[in-house]
Amino acid sequence: LSEREAAFDHKTVVETALKYAFGSTSSTAITEVVKEFEKKGDLIRGVYSRNGTLWTTKEALSLEREIISLAKEDKGSFKPYVQPEVLNQHLSESAIREDQKLALKSWMGNQDRVTILQAPAGSGKTTLLMEVSILLETSKTLLQGEGYQLHCLAPTHTAVKELKARGMTAQTLQSFLGEQKELLSKDSVTPPPNYSKNHFCR
């Protein structure tokens, strides 16, 4: 579970354990094992949800802290992604929801190295990405003047297919990391690519 999600509810833990357990067991026995993992520090208790306690791991928390630390670096050190007049004109013509417009305005006016957007499934993140792509394409300051481009990294092939269908450059995160590992290997004769002009969305 921890390979796919940063946090998972107790119901999912029990269902997964029952699916892969050898021999007979019960949800009660699995709950006792979960408590033992909590005592050892392998599982960390989070908030309570309708499907029971949410659990996470030390590794997931460490990774989250690294992401937040990275996001805090170079805050306010860069130019906004698009010129204010370009952004305002786009927002006045866009048919996206008002909450999406607010998110887009905050994102495109951001002067930090990293922007974190968190929202539940089906809330319109992919639609928002398409709006970002359109804005970057029409922004002379970035693309024409400085050569920036949008590169989307998605967790699944289905998500990549949807992004590509909307005209965006996309690949799975796994394939991207595999490419970088190969390029950085000792046997590679190809120099590592320069991503300083790439705006990555995951």
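Leaving aside neighbours within four places in sequence, which residues is Gln-180 in contact with? With contact taken as heavy atoms within 4.5 Å, Gln-180 touches Pro-193 and Tyr-195. Gln-180 is found in helix H9 (residues 173-183), helices here being DSSP runs of H or I with at least four residues, strands being DSSP runs of E with at least two, and both being numbered from the N terminus. At 13% relative accessibility, Gln-180 counts as buried; that word stands for under 20% relative accessible area, while exposed stands for over 50% and partly exposed for anything in between (1.4 Å probe, protein chains only).

A word on the model itself. It is a predicted one, in which local features need pLDDT of at least 70 and side-chain atom pairs count only at pLDDT 80 or more, whereas totals for chains, interfaces and linings use all residues. Residues are numbered from 1 along each chain as its sequence is written, and side-chain values use heavy atoms, with hydrogens and water left out.

Now for the inside of the protein. A nonpolar core is a set of buried Ala, Val, Leu, Ile, Met, Phe, Trp, Tyr and Cys residues joined through side-chain atoms within 4.5 Å. The largest such core has 20 residues, and the members touching the most others are Val-82, Leu-104, Trp-107, Met-108, Val-132, Cys-152 and Leu-163. Two or more residues each come from helix H4 (84-93), helix H5 (98-108), helix H6 (125-138), strand S4 (149-154) and helix H8 (157-165). The top contributor is H6, with five residues. Apart from this core lies another one, of seven residues, including Phe-8, Val-13, Val-14 and Val-34.

Leu-163 touches Thr-126, Leu-129, Cys-152, Ala-154, Met-168 and Ala-170, once residues up to four places away in sequence are set aside. Leu-136 sits in helix H6 and is buried, its relative accessible area being 4%. Although Leu-136 and Val-82 are 54 residues apart along the chain, their C-alpha atoms are separated by 7.0 Å.

Helix H4 has two contrasting sides. Its residues Leu-87, His-90 and Leu-91 are buried. Seen down the axis of H4, the buried residues fall within an arc of 100°, so they line one face of the helix; the arc is that of the directions from the helix axis to the C-beta atoms. The face turned away from that buried side carries Glu-85, Ser-92 and Glu-93, which are exposed. As background, an α-helix has 3.6 residues a turn, so residues three or four places apart point the same way. In the loop between helix H3 (58-72) and H4 comes Asp-74, whose phi is near 55°, a positive value in a residue other than glycine. Asp-74 counts as partly exposed, at 33% relative accessibility.

Next come the strands. Two strands pair if DSSP finds at least two bridges between them.

S2 and strand S3 (residues 52-56) are linked by four bridges in the antiparallel sense, and a hairpin joins S2 to S3 through two residues. Across this pair, Arg-45 stands opposite Trp-55 and Tyr-48 stands opposite Thr-53. On the S1 side, three bridges join S1 to S3, again antiparallel, and Asp-9 stands opposite Leu-54. Four of the five residues of S3 are buried, so S3 is largely enclosed by the rest of the structure.

Elsewhere, S4, H8 and S5 make a right-handed β-α-β unit. A crossover is called right-handed if, with the strands pointing away from the viewer, the path from the first strand over the helix to the second runs clockwise. S4 and strand S5 (residues 170-172) run parallel and are joined by three bridges, with Cys-152 having Ala-170 in S5 as its bridge partner. Because five of the six residues of S4 are buried, S4 is largely enclosed by the rest of the structure.
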